[in-house]
Amino acid sequence: MATKEECRGALDKLSDNLARTDGEAGRAAGFDRSLSCHITDLDITFTGRLVDGRIEVADTVAGPPPDRAQIRLAMTGDDLVALVDGELNFARAWGAGRIRLEAGFRDLLRLKSLL
């Protein structure tokens, strides 16, 4: 099972990967949304913002997200680490229910270009 520190490192790596996405910087510019990532097996939530294609983690709280973020992710710590390491395909994991992603329709369309 992935640790809290490994999950935080995976989010940092995901942020770096999103920031390096070629050709998507223009679409990500001005994209500013609240974000939560609930790690179900550890029962912790990372909260923060997705700003211009980067994830800025502001806090880590015990349990499910305390507030309803505009973009909400939920998965196990192992799935987060595997996703970031390229061992887990996001679309397949989402379709299989291993990753939950909730957001408004417009945000989902923008996220599709980033993920």
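What percentage of the 115 residues in the protein is buried? Buried residues account for 42% of the 115, where buried means under 20% relative accessible area, exposed over 50%, and partly exposed in between, with a 1.4 Å probe and protein chains only. The structure is a predicted model, in which local features need pLDDT of at least 70 and side-chain atom pairs count only at pLDDT 80 or more, while totals for chains, interfaces and linings use all residues. Residues are numbered from 1 along each chain as its sequence is written, and side-chain values use heavy atoms, with hydrogens and water left out.

The protein contains five helices and five strands, taken as DSSP runs (helices H or I, at least four residues; strands E, at least two) and numbered from the N terminus. Read from the N terminus, the order of elements is α-α-β-β-β-β-α-α-β-α. Among contacts in the protein with a separation of 6 or more, 61% join residues 24 or more positions apart, a contact being heavy atoms within 4.5 Å.

A nonpolar core is defined as a set of buried Ala, Val, Leu, Ile, Met, Phe, Trp, Tyr and Cys residues joined through side-chain atoms within 4.5 Å. The largest such core has 29 residues, of which I71, L80 and I99 touch the most other members. At least two residues of this core come from each of α1 (4–19), β1 (32–39), β2 (44–51), β3 (54–62), β4 (71–75), α3 (77–84), α4 (90–95) and β5 (100–103). The contribution of α1, five residues, is the most from any element. Apart from neighbours within four places in sequence, I71 is in contact with F31, R33, S34, L35, S36, L50, L101, E102, A103 and L111.

One of these partners, S36, lies in strand β1 and is buried, with a relative accessible area of 2%. Not counting residues up to four places away in sequence, S36 touches T45, F46, T47, P65, A69, I71, R72 and L73. P65 belongs to the loop between β3 and β4 and is partly exposed, at a relative accessible area of 31%. With residues up to four places away left out, P65 touches S36, H38 and T45. The C-alpha atom of P65 is 8.1 Å from that of I44, 21 residues apart along the chain. In the loop between β1 and β2, D43 has a phi near 50°, a positive value in a residue other than glycine. D43 is partly exposed, with 39% relative accessibility.

Grid points are joined across faces, edges and corners, and a volume is the space filled by probe spheres set on the points. The whole structure holds two cavities of 30 Å³ or more. The second largest cavity has a volume of about 40 Å³ and is lined by L11, L35, S36, C37, F46, I55 and V57. Two or more lining residues come from each of β1 and β3, and β1 gives the most, with three. This lining has six nonpolar, one polar and no charged residues, with Ala, Val, Leu, Ile, Met, Phe, Trp, Tyr, Cys and Pro counted as nonpolar, Asp, Glu, Lys and Arg as charged, and the others, Gly among them, as polar.

With a disulfide defined as a pair of cysteine sulfur atoms within 2.5 Å, the count is zero. The sulfur of C7 is too far for a bond, because the closest cysteine sulfur, in C37, is 7.6 Å away. C37 is likewise in no disulfide. C7 is buried at 0% relative accessibility, and C37 is buried with a relative accessible area of 3%.

Technical notes
On a 1 Å grid over the protein atoms alone, a cavity is a set of points where a 1.4 Å probe fits but cannot get out, and a pocket is an open set with protein on both sides within 12 Å along at least five of seven lines; lining residues have an atom within 4 Å of a point.
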